[in-house]
Amino acid sequence: MTKSASAVAASPPRRRSKYTLAPLVLIAANVVLFSLFFVWPAVIGLVYSFTNYTGVGAFQFIGLDNYHNLFGDSTFYDALTRTLLYAVLFVPLNFAVSLLAANLVVSKNAKGSSVARVIFFIPWLLSPIVVGVLWRWMFGENFGLVNYIIEKFGGDAVPWQSNADLSLLVVVMAAAWTWTGFTMLLFIAAIKNVPVSYYEAASLDGAGPWRQFFSITLPSIAPTSFIVILLNTINAMKEYPVFVALNNGGPGTSNNLLVQYIYDTGFKRGQIGYASAASFVLMLILMAVAIVQLIVNRRVENR
Amino acid sequence: MTTTDIPRPVAKGPGRAASKNRPRGANTGGLRQAVSATTLLWIMACLYGFPVLWFVLSSFKPSSDLFSYPLTLVPHNPTLSGFKAAWDSANFSQYFINTALVCVITTILTVGVSCCTGYALAKYDNRWLKAFFLCILATTMLPGEVMLAPEFLVVRNLGLYNSFAGIILPAVLTATGCFMFRQFFLTVPDELVEAARIDGARELSIFLRIMVPLSRPIMLTLAILSFQWRWNDYIWPLLMLNDPNKFTVQIGIQSIVGAQNINWSVLLGASVISMIPLIVIFLVFQRYVMSADINAGLKD
């Protein structure tokens, strides 16, 4: 009797690994999709980046020429630096406004926070194209509401579209506006996980709301903050549709970011090999970001 | 809503006024905080809501009023002509149907496949599953935008160029979906599976009869997210589709923006129409999105 009982007790761990067919059936569809649309493109992308393939016909291996040319290509450098500048502006702005929104929404003092939460969230539902159209409508140089108001108060029309830096600024604001709702949700979840007793203790000790925010909230949500920064960096590095809809990546080509560069060289000029090389540079940047994320995550979990 | 509703049951008695006054009377610092937090919140909400409000109200203006100064917030002669022109022009109704079709099929497939994968990753344990889990993690590091050219060639070689399948199939596998279901099924006790096994249920019927019904809330959340991703997708459909009859809404809007002289009346109408489905879905299923455990690193 005892013998069989112990056998039963010991069996579950062993039995778990006995089921191989059922899980395989369950993941089969995703395995197929993964190999078709992930492994295959990754492999041929790497191969093509060493060739002069144009999308049709024969191609030759040209070694590292694509990468060599890429680093001498001023258009590529412009796209890369513009993308980095965009990320550097967008990520902190979005971080700050989302954190502010999240704090206000969870604050017990604020009335009507559930309605406000929906208002913050609606921009995230709009497509990047519509966001671009919307901000173009607001910031049009000759017809936009913003310039109308500025002129009404005696200012001069601001060249939101013909000045490259102002144009980038509009996109940064538009993107921060779009992503606030989503980032806010991540922050809300994190803030709600901070034990209430911390705040009670702090207010007994006479700490005001600002002190509580900087000494309790901010350190407690550090892991989420890090994830937010990294997610937004990745999002910023691959931004494209908002720029196209807002100002066609312009004025001229001054606000063409990396994805637009890849799209233009690969599909408009048919240099698939060269575009693949550019893709791999972008991939290396994203991998670096992801590896930082993994390392920091592990450090946080081990703490 | 919840914060304002809470005092109500307390306030039912004769001490209604007193209970309302208590927090105010307790300390004036609290009142000042409440006023400033509420004011700040609503200033911010107005800043965020205003662009959408201005955009939507503008779309009701007749095209002659769009640029006539002084600009007014509320249209003087509201009209639906912009919407009608947008709906009739340039196949927009066709784009709308195409997009809806693509979104619905992709969403159903994504939810189904992610549910299966998430369950397998959570409730079974072997080396291959662990390896596949790492593979799915890897896809988050390589978004589709990075591999535009090679992915295009693959889909073309599969003979899916210029077909809806070419948009749908590459979008079905999402790391987010698999993680969401995995996280959920990890919280379902193993004993439930063991009990069903002892009762003689077969593996797949345990999944279909017990686990799938349990995961309904996650399904809905992922369905909304997936629908949103696909509805707003731009670059991949643009690459894949060549035939104007198969275009999606986003391509249609961008083609109006890309014209030499933008027809703002049509553009505003088309954009507002394209916003409607997602906003309706969101308002109906709000709590599934707002309460979603989206810490898994949400992105498509």
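**Reading burial, packing and contact**

Trainee: Val131(A): buried or exposed?

Mentor: Burial is judged by counting the C-beta atoms around a residue, and 20 or more within 10 Å make it buried. Val131(A) has 26 other C-beta atoms within 10 Å, so it is buried. Keep in mind that this is a predicted model.

Trainee: What is the place of Val131(A)?

Mentor: Val131(A) belongs to helix H6 of chain A, which covers residues 128-138.

Trainee: Which residues is Val131(A) in contact with, leaving aside its neighbours within four places in sequence?

Mentor: With those neighbours set aside, the contacts of Val131(A) are Leu126(A), Ala174(A), Thr178(A) and Val242(A). A separate distance can be read between C-alpha atoms: Val131(A) and Pro241(A) are 110 residues apart along the chain, and their C-alpha atoms are separated by 9.2 Å.

Trainee: Leu185(A): buried or exposed?

Mentor: The count for Leu185(A) is 25 other C-beta atoms within 10 Å, so Leu185(A) is buried. Leu185(A) sits in helix H8 of chain A, residues 164-192.

Trainee: What does Asn162(B) count as, with 13 C-beta neighbours inside 10 Å?

Mentor: A residue is exposed with 12 or fewer such neighbours, buried with 20 or more, and partly exposed in between. Asn162(B) has 13 C-beta neighbours inside 10 Å, so Asn162(B) counts as partly exposed. Asn162(B) is found in the loop between helix H8 (148-157) and helix H9 (164-172) of chain B. Its backbone also deserves a look: Asn162(B) is not a glycine, yet its phi is positive, about 60°.

Trainee: How many helices and strands are there in chain A?

Mentor: Chain A has 14 helices and zero strands. For chain B the count is 17 helices and zero strands.

Trainee: Is chain A compact or spread out?

Mentor: One way to judge is to set the radius of gyration beside the value that the globule rule gives. For the 303 residues of chain A the rule gives 19 Å, while the radius of gyration is 26 Å, so chain A is more spread out than a compact globule. The C-alpha trace of chain A spans about 90 × 70 × 30 Å along its principal axes.

Trainee: What percentage of the residues in chain A is buried?

Mentor: Of the 303 residues in chain A, 44% are buried. In chain B, 40% of the 300 residues count as buried. Contacts can be sorted by sequence separation too. Among contacts in chain A with a separation of 6 or more, 68% are between residues 24 or more positions apart. In chain B the corresponding share is 73%.

Trainee: At what angle do helix H4 and helix H11 of chain A pack?

Mentor: Two packed helices are described by the angle between their axes and the distance between the axes. Helix H4 of chain A (residues 74-106) and helix H11 of chain A (residues 222-237) pack at about 140°, with their axes 9 Å apart. H4(A) and H11(A) are therefore oblique to each other. Their crossing is right-handed. On H4(A) the contact includes Tyr86(A), Phe90(A) and Asn94(A), and on H11(A) it includes Val228(A), Asn232(A) and Met237(A). By class, the residues of this contact are nine nonpolar, four polar and no charged.

Trainee: At what angle do helix H6 and helix H10 of chain B pack?

Mentor: Helix H6 of chain B (residues 92-123) meets helix H10 of chain B (residues 175-187) at an angle of about 45°, and their axes are 7 Å apart. H6(B) and H10(B) are therefore oblique to each other, and their crossing is right-handed. Among the residues of the contact are Ser114(B), Gly118(B) and Lys123(B) of H6(B), together with Gly177(B), Arg182(B) and Phe185(B) of H10(B). The contact of H6(B) with H10(B) has ten nonpolar, five polar and two charged residues.

Trainee: How many residues does the contact take from chain A and from chain B?

Mentor: Chain A gives 79 residues and chain B gives 77 residues. On the side of chain A that touches chain B, the largest share comes from helix H2 of chain A (residues 21-48), with 19 residues. That side of chain A has 62 nonpolar, 13 polar and four charged residues.

Note on methods. Residues numbered from 1 in each chain as written. Chains lettered and ligands numbered in written order. Predicted model: local features only at pLDDT ≥ 70, side-chain atom pairs only at ≥ 80, totals over all residues. Contact = placed C-beta atoms within 7 Å. Helix = DSSP H or I, 4+ residues; strand = E, 2+ residues; numbered from the N terminus. Nonpolar A, V, L, I, M, F, W, Y, C, P; charged D, E, K, R; others polar. Axes fitted to C-alpha atoms, helices over the stretch in contact; angles between N-to-C directions. Parallel < 35°, antiparallel > 145°, perpendicular 65-115°, else oblique. Left-handed = near helix turned anticlockwise from the far one by under 90°. Rg over C-alpha atoms; globule rule 2.2 N^0.38 Å.
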